[in-house]
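Here is a friendly walk through one protein model. Take a look at the sequence and the fold, then read on.

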Amino acid sequence: MPRPDLLRSVFGRVTLSALLVSLLSTLALFLVVRQIVRQDGRAMLAREVDTDLAGLADIYVSGGRAELQARIADRLALNREDGARSWYLLTDAAGRRVAGNLPHWPAISPEVSEARFATLPGGERMFARATQLGGGARLLVGRSDARGEALLARLATAFAVAGAGIALLSLAAGHFAARRLRERVEAVNATFAAVRAGRIAARAPDAGTSDELAELAANTNAALDQVERLIEAQRHVSDQTAHEIRTPLMHLDTRILKAIEATDDPVLLRTLDQSRAEIRGVVRLLDSLLDIAGTQAMRGDLRGLADISLSDIAESLADLYGASAEELGIGFHARIAPGIHMRGDAMQMTRLLSNLLDNAFKYVPSGGSVVLELAPGPRMAVQDDGPGIPCADRERVFERYVRLDGARGQGHGLGLALARAIAERHHLSLHVEDAEPGARFVVRPEERDA
């Protein structure tokens, strides 16, 4: 049985689910950490900007605007070791720039001492706070967010590498775990496949653990033990039933035979002969029913099967039925390929072909013909040019006790039912086709599911 693809396999979905959970967990952790880092970075920038702004405001109060301009110039002349840039802007009451490195006032309100992130013309982000000084002057102090952005970039890279590593580990762990689980489930499936193939004694291996799959294997073996016991019981009952019914019938037939030997009354002799014929008919019916039941019970059971030559069986039947065909005035033709073998029960395969031939001889009229074919595959066919079988009856003829009108001789309508049971036991199919005219019964290997 082919394995399902990854998305249709339970174990494939479990592996992919584990991978997805690990990736989502890593992503969620990254988002949480990034938010914390951003908040901490903003708080650090705010403290640094507020401290610098407060110091400059004190300088303005104590030293005036000229002193403030000088201190801003000093700050702009410094090169920070961390690479972060500082931004300053001092304007007069008319809004003209007095000092600083910002070309114009950003959208930050000094009246309420607003603090926020702003984007500079070059695309760089800064965190700044503005305040209102005495005399209508305004001051803005800002710091670039380069350090925070660099930290977030490194953090994203680290989480990406870690996430890839976690994903690979999750995928590997999920793969090995799923493979182990799949092997154990496939062992149970292989056991059922072996039983269907006829190895009724096959059992699931014991994993030596106490998990759910071990329990499944144990329950599987217990169920198969029960099935094997039921099959053996059915065989025993069938054999016992056949013996218990056939024996008194044979005794009754013996008594009737003694009664025949002891009388010369022609009426009584005719009645006793009819009774013996009816007893033999009941015995044949019983044998056929037991054969059908027993064959159906052994479907897929390989015990008792061996390599047999279908060509030899067909040749023997051709010789036998060829002689009968001459007596009945029926043409008989056999087209048998040599060297065709199969694994099966020789007696049952002989019974299958003989039942099909008997059925053909029953319905073909005198002067008609019957054809027996055997081809590689194996493929067997019995064809006649009789009245044929209506389309509506082509499945019904394989049911028990079904006999169509026009049959030569008598029977119980069990021959075709037994033939199909034998075919199914050997993994063969039996169906009837229109031979135009007549009927064509075809036996060929069953079509297996891909």
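Two strands count as a pair if DSSP finds at least two bridges between them. Keep that in mind while looking at this model, which is a predicted one.

Start with strand β3 (residues 115–119), which pairs with β4 in the antiparallel sense over 5 bridges. To find your place in that pairing, look for A115, which stands opposite R129 in β4. The two strands make a hairpin with 5 residues between them, and G123 in the turn has a positive phi of about 95°.

On to the next partner: β4 is also joined to strand β5 (residues 138–144), by 7 bridges, and these two run antiparallel. Here Q132 stands opposite R138 in β5. This hairpin has 5 residues between the strands as well, with G135 taking a positive phi near 75°.

So how enclosed is strand β4 by the rest of the structure? Largely, because 6 of the 8 residues of β4 (residues 125–132) are buried.

V370 stands opposite D384 in β10. The hairpin of β9 and β10 has 3 residues between the strands, and G377 there takes a positive phi near 150°.

β9 (residues 369–375) is largely enclosed by the rest of the structure, because 5 of its 7 residues are buried.

Here are the strand pairs side by side:

| Pair | Sense | Bridges |
|---|---|---|
| β3 and β4 | antiparallel | 5 bridges |
| β4 and β5 | antiparallel | 7 bridges |

**A look at N101**

Now zoom in on N101, which sits in the loop between β2 (97–100) and β3. Is N101 buried, exposed or partly exposed? Its relative accessibility is 26%, so N101 counts as partly exposed.

Which residues does N101 touch, leaving aside those up to four places away in sequence? They are L76, S86, W87 and Y88. L76 is 25 residues from N101 in sequence, yet the C-alpha atoms of the two are 7.9 Å apart in space. The side chain of N101 also makes polar contacts with backbone atoms: one of its polar atoms lies 3.0 Å from the backbone oxygen of S86, and the side chain reaches the backbone nitrogen of Y88 at 2.8 Å.

Helix α5 (residues 310–328) packs against helix α6 (residues 346–363) at an angle of about 30°, and their axes are 10 Å apart. Angles under 35 degrees count as roughly parallel, and therefore α5 and α6 are roughly parallel to each other. The crossing of α5 past α6 is right-handed. On the α5 side, the residues that meet α6 include L310, I313 and L317. Among those that α6 brings to the contact are M349, L353, L357 and F361.

Among the buried ones are L416, L418 and I422, along with R420 and R425. After α7 comes H427, whose phi is positive, near 60°.

Notes
Residues numbered from 1 in each chain as written. Predicted model: local features only at pLDDT ≥ 70, side-chain atom pairs only at ≥ 80, totals over all residues. Heavy atoms only, no water. Buried < 20%, exposed > 50% of the residue type's maximum accessible area, 1.4 Å probe, protein only. Helix = DSSP H or I, 4+ residues; strand = E, 2+ residues; numbered from the N terminus. Contact = heavy atoms within 4.5 Å. Polar contact = N/O pair within 3.5 Å; in protein donor to acceptor, adjacent residues only side chain to side chain. Axes fitted to C-alpha atoms, helices over the stretch in contact; angles between N-to-C directions. Parallel < 35°, antiparallel > 145°, perpendicular 65-115°, else oblique. Left-handed = near helix turned anticlockwise from the far one by under 90°.
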